[in-house]
Amino acid sequence: MRNWLRSALTVSLALTLVIAAGAQTRMFRAPRTADGKPNFNGIWQALTEAYWDVEAHAAAPSPVIELGAAHAVAGGLSIVDGGAIPYKPEALAKKQQNYANRLKLDPEIKCYLPGVPRANYMPYPFQIIQGPKHIMMLYTFAGAVRTIYMDDHKEAPADSWMGWSNGHWEGETLVVDTAGFNDQTWFDRAGNFHSEALHVVERFTAASSDHLIYEATIEDPNVFTRPWKISVPLYRRLEKNAQIMEFRCVEFVEELIYGHLRKKPSQ
Amino acid sequence: MKQRFLVPASIAVALAAGWSWGTPVAGQSRSAGAKTTGAPAKVYTAPRTPDGQPDLQGFWSNSTFTPLERPKDVTKEFYTREEALELVKRASAQEAEQTEPGTVPDVHYDFTQFGLDRSQSAMALSLRTSLIVDPPDGRLPPLSSEGQRRAAERAAARKSRGGPHDAVQNEPLGARCVLMDRNGPPMLGGAYNNTYQIMQAPGYVMILVEMLHDARIIPLDGRPQLPANVRQWTGSSRGRWDGQTLVIETTNLTDKFAFLGSSENMHLTERFTRVAEDTLRYRFTVDDPATWTRPWSAEVLWKTDPGPIFEHACHEGNYGLYNTLAGARAEEKRAAEEAAKKKSPK
């Protein structure tokens, strides 16, 4: 009798473990913050070539001859669901113009705030500082900052580069609804763009203690025929001494932007 | 007709509520309590975060009209309540007047209309006659001999680079949106964008500086400062708790952002103490023997601010910088043309 009970318990425990393990592959339960929410505090970085072009692209030479192979385009596959961005025909023409003139037009080159979702898959780390009322996303590039308002949702008071973000939790997922953008930012270095009607809904879900799945649904009826979605993993920077280093790039671009206004040596 | 608030709203409210200005905020200064009032200072204990740190979180304003150095004609450390009120009134009125419609400053910024003047921000009232609390005379210590030599070298180097509008690099860092005194460190208030947000997550304190959307992320885990060869505009900052007080030590600064003429080897210690529900005491000590003959300290009271902080895209919208440089070139062109006309009259 006792032995029977013991083996029954063993079997049921084993079954429980198997079920738990199965569930774990479907939905990882993230460690919790003090207020019981999934804890996304940390330094994160995408590992993708999408910052060159969110769509599939082959390797290509750098547009700046002097930079040779060091700044050549790394080939990469599309992070867009279904592969292609559903541009309206006239918008696709503008994207192609943007690409042709990217050295002049890409806001990244001028150290302008990168916008959303671009900030999340640039080749730099960013840090999440998480509180119950506000979740901060603090980016290396241009020192860009996003405040995600968790309990005081409101419409954007004015247009901005990084938009106005209202967030909420759906179980394991942080959902961030961002609008109030200007029309000045791009999605990548390939000229993919939007208008001020851009509306982005992002979903951050932990897939392990060291990686998040990042998804963003992008809507802009002025530019696209329908909403479209991207997804990339974000990886935790595990170095013990990882930190966001200063990248005050304004100084790096002043000669580029204002150099032609330098006083000419008097004759 | 624009409405002009001649006293910062938070101070007006405090006044209406009968707040005694003669009582320095509890813990404001060890010497202050004894000198200004006989009232026993009630010691405030900040609430705790879930992981047990004193809770400094929220939005804060470091607006003040108190000058860094004590005016030459003032000999005391503290004003009376009446004197302080009068000074705030006068300074607020002056700041509002500087942007009278139709005047030159009005073309650049209408401070009052866009909420850029201090009379529209939260402001803690300090009775101090200077932000500098040490040396006791409230003034910067004398420059060391190395400090004098470097100041002369820097002035000569500036001169050799030409006029202030000859090239973008000759313009002040603030006009270039690179760094301002509100960013520091140390962080000092100015006429506008004096709002800060503090957040505390396990192992970190974040201070978001409204000016230039600048987030200071301070590790609290005892890690060493950055290697000595790694220099940053805002240096390398590490924090720790000393009882109720957050202490941030900063080194690894650059020669480019010289705070009041400091050297890149300046060692800065900032101390944040919540001394009341609505007041944070920010005290910093500058130790830089390569510039000053002795360390010196200053103190600013930060007042709770309703927030939020909106994006300050300074560089992206910097038409002023472009127009300053383009205007200087246009002036030169016009002057050259007029000179040529005078040389060869028809």
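Guide: Helices here are DSSP runs of H or I with at least four residues, strands are DSSP runs of E with at least two, and both are numbered from the N terminus. Two strands pair if DSSP finds at least two bridges between them. The model is predicted, so local features need pLDDT of at least 70 and side-chain atom pairs count only at pLDDT 80 or more, while totals for chains, interfaces and linings use all residues. Residues are numbered from 1 along each chain as its sequence is written, and chains are lettered from A and ligands numbered from 1 in the order in which they are written.

Visitor: Which residue takes a positive phi in the hairpin of S3(B) and S4(B)?

Guide: That is B:Gly203, with phi near 85°. Two residues lie between the strands of this hairpin. S3(B) and strand S4 (204–209) of chain B run antiparallel, joined by six bridges.

Visitor: How do strands of a sheet pair?

Guide: Through backbone hydrogen bonds, either parallel or antiparallel. S3(B) has another partner to look at: strand S1 (58–61) of chain B pairs with S3(B) in the antiparallel sense over four bridges. There B:Gly58 stands opposite B:Ile198.

Visitor: Is S3(B) enclosed or open?

Guide: Burial first. A residue is buried if 20 or more other C-beta atoms lie within 10 Å of its own, exposed if 12 or fewer, and partly exposed in between, with C-beta atoms placed from the backbone. Seven of the seven residues of S3(B) are buried, so the strand is largely enclosed by the rest of the structure. Check both faces. B:Thr195, B:Gln197, B:Met199 and B:Ala201 are buried on one side. B:Tyr196, B:Ile198 and B:Gln200 are buried on the other.

Visitor: Where is B:Ala175?

Guide: In the loop between helix H5 (145–160) and strand S3 (195–201) of chain B. B:Ala175 counts as partly exposed because it has 16 C-beta neighbours inside 10 Å. Its C-alpha atom is 20 Å from that of B:Tyr196, 21 residues apart along the chain. For contacts, the C-beta atoms of two residues, placed from the backbone, must lie within 7 Å. Not counting residues up to four places away in sequence, B:Ala175 touches B:Gly320 and B:Leu321.

Visitor: Now chain A. How many helices and strands are there in chain A?

Guide: Four helices and nine strands. Nine strands of chain A close into a barrel, in the order S1-S2-S3-S4-S5-S6-S7-S8-S9, with mixed pairing. The twist averages 30° from one strand to the next. Such angles run from 0 to 180 degrees between N-to-C directions of axes, lines fitted to C-alpha atoms. Look at S2 (126–130) and S3 (134–139) of chain A: five bridges join them, antiparallel. A:Gln127 has A:Leu138 as its bridge partner.

Visitor: What is A:Leu138 in contact with, leaving aside neighbours within four places in sequence?

Guide: Among its contacts are A:Phe126, A:Ile244, B:Ala215 and B:Ile217. A nonpolar core is a set of buried Ala, Val, Leu, Ile, Met, Phe, Trp, Tyr and Cys residues joined through C-beta atoms within 7 Å. The largest has 104 residues, and those with the most contacts inside it are A:Met136, A:Leu138, A:Ala144 and B:Met206.

Visitor: How many residues does the contact take from chain A and from chain B?

Guide: It takes 31 from chain A and 37 from chain B. On the chain A side, H4(A) gives the largest share, four residues.
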